Amino acid sequence: MKKIKIAGVPEHFNLPWHLSIENKEFETQNIDLQWTDVPEGTGKMCQMLRDGETDIAVILSEGIVKDIVAGNPSKIVQVYVESPLIWGIHVAAKSNYKTLADIENTKVAISRLGSGSQLMAYVNANNQNWKTDNLQFEIVNTIDGAVEALSNGTADYFMWERFMTKPLVDKGIFRKIADCPTPWPCFVIAVRDEVLEKEPEAIQKILDTINKATASFKTIPGIDTVLAQKHHQKLKDIQEWLSITEWSQEQLSKEMLNNIQNQLLELKIIDKIGTFDEIVKTV
């Protein structure tokens, strides 16, 4: 058995991985795939790839592109979710903020520096023609940290995946004032260079297995009920999410990588453009 470590967020996007592990689909390929949930998200997973704490990360496109350009010794091996991530922009339910204009020049809660929640705050500010230099951040690590920060006023708004945050809106803890979709496919699969060099066949088998799983995922009978129960969601919300979510079995294209990097450069999130070969590798 080849032991391979993989990390991802504890969100509905990753259920195909868990089902494939439970069904021993990797074991039949002689691979012991060990999953770690990372509620802190992309910034934390970038660090785990750098430190060798994980071999593979299912990670936000913009976050890993930024980190590879900054020296993370990893490559994107394919797109995992093709559709955009819809970030909800949330405030405390009792706050006086009603519109996007109200939160200009206020403090945004982010999970970590370099996280999707930080990068998307720049994207949103740019969309609203705000001065991105004026953005202020409060690091909260997880969604629970954001609840605390917004409730006690140490931060004013928080951007997180809309459907995962919906239960907090339903409970009257957060109020959603707007949505901000990513201008690119949301999740990619990244692998450490060392693992790509040593275990290309194992990585190929893992990708083949998960691609087969995601291609048929939506047709699993009752999958909407399974997701709703597992993630404490209303069935109608999960059904809406499934209807707009598209998994991918394809590599990230040069055109899409250029689109991501050009926007990150414009937002001053990166200070140089990496080449396709520095960022992407097809196994």
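Student: Which residues line the second largest cavity?

Tutor: The lining of the second largest cavity is made up of Glu104, Asn105, Thr106, Trp130, Lys131, Asn134, Leu135 and Gln136. On a 1 Å grid over the protein atoms alone, a cavity is a set of points where a 1.4 Å probe fits but cannot get out, and lining residues have an atom within 4 Å of a point. The model is predicted: local features need pLDDT of at least 70, side-chain atom pairs count only at pLDDT 80 or more, and totals for chains, interfaces and linings use all residues. Residues are numbered from 1 along each chain as its sequence is written, and side-chain values use heavy atoms, with hydrogens and water left out.

Student: How much space lies in the second largest cavity, and how do its lining residues divide by class?

Tutor: A volume is the space filled by probe spheres set on the points, which are joined across faces, edges and corners. For the second largest cavity this comes to about 50 Å³. Two of its lining residues are nonpolar, four are polar and two are charged. Here Ala, Val, Leu, Ile, Met, Phe, Trp, Tyr, Cys and Pro count as nonpolar, Asp, Glu, Lys and Arg as charged, and the others, Gly among them, as polar.

Student: How many cavities of 30 Å³ or more does the structure hold, and what lines the largest cavity?

Tutor: There are two cavities of 30 Å³ or more. The largest cavity has a volume of about 120 Å³. Its lining has 15 residues, and Val9, Glu11, Leu60, Trp87 and Trp160 lie nearest its centre. Helices (H or I, at least four residues) and strands (E, at least two) are DSSP runs, numbered from the N terminus. By class, the lining of the largest cavity has six nonpolar, six polar and three charged residues.

Student: Where does Asn141 lie?

Tutor: Asn141 is in the loop between β7 (136-139) and α5 (143-152). Its phi is also positive, near 70°. With a relative accessible area of 38%, Asn141 is partly exposed.

Student: Which residues lie nearest the centre of the largest pocket?

Tutor: A pocket is an open set of grid points with protein on both sides within 12 Å along at least five of seven lines. In the largest pocket, Pro10, Ile143, Asp144, Met164 and His231 lie nearest the centre, among 17 lining residues. The volume of the largest pocket is about 400 Å³. At least two lining residues come from each of α5 and α6 (162-170). Nine residues of this lining are nonpolar, four are polar and four are charged.

Student: How much space lies in the second largest pocket?

Tutor: The second largest pocket holds about 190 Å³. It is lined by 13 residues, with Ser20, Asn23, Glu25, Lys212 and Ala213 closest to its centre. The largest share, five residues, comes from α8. The classes in the lining of the second largest pocket are five nonpolar, five polar and three charged.

Student: At what angle do α1 and α8 pack?

Tutor: Two packed helices are described by the angle between their axes and the distance between the axes. Axes are lines fitted to C-alpha atoms, for helices over the stretch in contact, and angles run from 0 to 180 degrees between N-to-C directions. For α1 and α8 the angle is about 110°, and the axes are 9 Å apart. α1 is therefore roughly perpendicular to α8. Angles under 35 degrees count as roughly parallel, over 145 as roughly antiparallel, 65 to 115 as roughly perpendicular and the rest as oblique.

Student: How do α6 and α10 pack?

Tutor: α6 and α10 (residues 235-244) pack at about 160°, with axes 10 Å apart. That makes the two roughly antiparallel.

Student: Which residues of α2 are buried?

Tutor: In α2 (residues 42-51), the buried residues are Thr42, Gly43, Met45, Cys46, Met48 and Leu49. Gly52 follows α2 and has a positive phi, near 75°.

Terms used
Buried < 20%, exposed > 50% of the residue type's maximum accessible area, 1.4 Å probe, protein only.
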